[in-house]
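Let's walk through this model together, starting with the overall fold and then moving to the charged side chains. Keep the 3D view open and turn it as you read.

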Amino acid sequence: MRLGEILAVDRIDADFTATSKHAALEALAELLCEGASEAGAAASTGDVLRVLEAREALQSTGVGSGVAIPHGRLGGLDRFVGALAIHHRGVEFEAIDGQPVSILFAVIGPEKAAGEHLKCLARIGRLL
């Protein structure tokens, strides 16, 4: 899988200004929602946000070194959808190293593609 297959230009925010983790997840959910409808899911921004927040409730997806990879699986998707946000000052995200995050790459995938989901996350992690 190539990142260009899951990330469209209209789902990149190079001037991200969210002021909290929750606001960041909301904004990412909005970006992902448009892509989700293109990928076959009739999901609202709220649906996508619930998926991202449910994953964050398990453990922060702030992986350290200024990077967070919020992710989850959503019913109805026929492919993976990504969104990228760059925060110039960094936003508090409860990252494992305790530092704010500046690069947020969110991804949602089909509910029944657990193996592919892990491969997608590994690829994003390696690149970031």
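Predicted model: local features only at pLDDT ≥ 70, side-chain atom pairs only at ≥ 80, totals over all residues.

The chain folds into 3 helices and 6 strands, where helices (H or I, at least four residues) and strands (E, at least two) are DSSP runs numbered from the N terminus.

Residues are numbered from 1 along each chain as its sequence is written, and side-chain values use heavy atoms, with hydrogens and water left out.

Now for the overall dimensions. Along the principal axes, the C-alpha atoms fill a box of roughly 35 × 30 × 25 Å. Of the 128 residues, 48% count as buried; here buried means under 20% relative accessible area, exposed means over 50%, and partly exposed is in between (1.4 Å probe, protein chains only). The chain exposes about 6,400 Å², and carbon and sulfur atoms supply 53% of that area. These areas come from the Shrake-Rupley method with a 1.4 Å probe, and for residues only the protein chains shown count as cover.

Arg123 sits in helix α3 (residues 114–127) and is partly exposed, with a relative accessible area of 32%.

Let's turn to charge. The chain carries 12 positive and 17 negative side chains, and the centres of the two sets lie 8 Å apart. In this count Lys and Arg are positive and Asp and Glu negative, with His and the chain ends not counted; each charge is placed at NZ of Lys, CZ of Arg, CG of Asp or CD of Glu. Side chains of opposite charge can pair when their charged atoms come close. How many salt bridges does a search of the whole structure find? The search finds 3, a salt bridge being a side-chain nitrogen of Lys or Arg within 4 Å of a carboxyl oxygen of Asp or Glu.

Start with Lys21 and Glu56, whose side chains meet in a salt bridge at 2.8 Å, N to O. This pair links distant parts of the chain, with Lys21 in helix α1 (residues 21–38) and Glu56 in helix α2 (residues 45–58), 35 residues apart. Are these two partners buried or exposed? Lys21 counts as buried because its relative accessibility is 13%, and Glu56 counts as buried at 10%. Leaving aside neighbours within four places in sequence, Glu56 is in contact with Lys21, Leu25, Thr61, Pro70 and Phe93.

Lys21 has another partner: the side chain of Glu94 meets that of Lys21 in a salt bridge at 3.2 Å, N to O. This pair also links distant parts of the chain, 73 residues apart, with Glu94 in the loop between β5 (81–91) and β6 (101–110) and Lys21 in helix α1. Glu94 counts as exposed, at 54% relative accessibility. Put together, Lys21, Glu56 and Glu94 are linked in a network of salt bridges.

The pair Arg50 and Asp47 meets in a salt bridge at 2.6 Å, N to O. Because they are 3 residues apart in helix α2, Arg50 and Asp47 are separated by about one helical turn. Arg50 is exposed, with a relative accessible area of 51%, whereas Asp47 is partly exposed at 27%.

Finally, a look at the backbone. Most residues other than glycine have a negative phi. Glu94 has a positive phi, near 55 degrees, and phi of Ser65 is near 55 degrees as well, again a positive value in a residue other than glycine. You will find Ser65 in the loop between β2 (62–64) and β3 (67–68), where it is exposed with a relative accessible area of 71%.

Methods
Contact = heavy atoms within 4.5 Å.
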